[in-house]
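Colleague: I would like to go through this model feature by feature. Please give the general idea where there is one, then the case at hand.

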Amino acid sequence: MSILVVASLFLLGGPSLVLAAGNTNEFTLLKWQSRRDAYEWRISEARILATPTWETASAKIPVAPDKAWKIVTRWLTKKGKGDPGSFIKMEVRLFDLSETYKPFRDRFFYRIEYPQGAFDYMVAVVLMDGTVLEPKWVPWPKPEEIK
């Protein structure tokens, strides 16, 4: 299996750390809508700061891409979702692309897309400490409710 890793160090459209409602120390890292459901991944500042740093020019990545994928497949199996077989896309992303918050500098996570049924896929977030950030289901309106 070939592994495609796209380092999105300077790409637009990366994660925007938006303060989550009601908790000034929790950020919405990522939002995702599949064909049937919507999810968001929230993370606290303390959890981000607990992940290892990675100096891309001089140090070995804390979690290798093949290990990140194994972590996702084990997590999916534990959740009863089964092994998706292979991933669609794997990206290494900075927590703060704007680099305005220095404690987040050199802190990364994986955003991994994998197949989830016919014509649909889902996202998993793996932190550089080897843990999966659990998504939160977000209710979204039915087509007839959209005005």
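Colleague: How many aromatic pairs does the count come to?

Modeller: The model is predicted. The count comes to five aromatic pairs. One of them joins Tyr39 and Trp41, which is tilted because the ring centres are 6.5 Å apart and the planes stand at 45°; planes under 30 degrees apart would count as stacked and over 60 as edge-to-face. Both Tyr39 and Trp41 are buried. Phe95 and Phe109 also form a tilted pair, with 5.0 Å from centre to centre and 45° between the planes.

Colleague: Which parts does the pair of Phe95 and Phe109 tie together?

Modeller: Phe95 sits in the loop between β5 and β6, and Phe109 in strand β6, so the pair links parts that are 14 residues apart in sequence. Phe95 and Phe109 are both buried.

Colleague: How should I read the largest nonpolar core, and which residues have the most contacts inside it?

Modeller: In soluble globular proteins, nonpolar side chains tend to be buried together. Here the largest nonpolar core has 37 residues, and Trp41, Tyr110 and Ile112 have the most contacts inside it. Elements giving two or more residues to this core include β3 (26-33), β4 (38-44), α2 (65-78) and β6 (108-115). Beyond its neighbours within four places in sequence, Tyr110 is in contact with residues including Ile61, Ala68, Met90, Val92, Ala124 and Val126.

Colleague: What about α2: which of its residues are buried, and what covers them?

Modeller: An α-helix has 3.6 residues a turn, so residues three or four places apart point the same way. In α2 the buried residues are Ala68, Trp69, Ile71, Val72, Thr73, Trp75 and Leu76. Their cover includes β5, β6, β7 and β8. With 14 residues, α2 reaches 20 Å from its first C-alpha to its last, close to the 20 Å expected at 1.5 Å a residue. After α2 comes Gly80, which has a positive phi, near 80°.

Colleague: Is Thr51 buried or exposed, and what does its side chain reach?

Modeller: Thr51 counts as buried because its relative accessibility is 2%, and the cut-off for buried is under 20%. Thr51 is found in the loop between α1 (45-50) and α2. Its side chain reaches the backbone oxygen of Ile48 at 2.6 Å. Leaving aside neighbours within four places in sequence, Thr51 is in contact with Phe95, Arg107, Leu127 and Asp129. Phe95 brings us back to the aromatic pairs, as it is paired with Phe109.

How values were computed. Residues are numbered from 1 along each chain as its sequence is written. This is a predicted model: local features need pLDDT of at least 70, side-chain atom pairs count only at pLDDT 80 or more; totals for chains, interfaces and linings use all residues. Side-chain values use heavy atoms; hydrogens and water are left out. A nonpolar core is a set of buried Ala, Val, Leu, Ile, Met, Phe, Trp, Tyr and Cys residues joined through side-chain atoms within 4.5 Å. Buried means under 20% relative accessible area, exposed over 50%, partly exposed in between (1.4 Å probe, protein chains only). Helices (H or I, at least four residues) and strands (E, at least two) are DSSP runs, numbered from the N terminus. Contact means heavy atoms within 4.5 Å. A polar contact is a pair of N or O atoms within 3.5 Å; within protein, one must be able to donate a hydrogen and the other to accept it, and residues adjacent in sequence count only if both atoms are side-chain atoms. Rings of Phe, Tyr and Trp (its six-membered ring) pair if their centres lie within 6.5 Å; planes under 30 degrees apart count as stacked, over 60 as edge-to-face and the rest as tilted. The expected span of a helix is 1.5 Å times one less than its number of residues.
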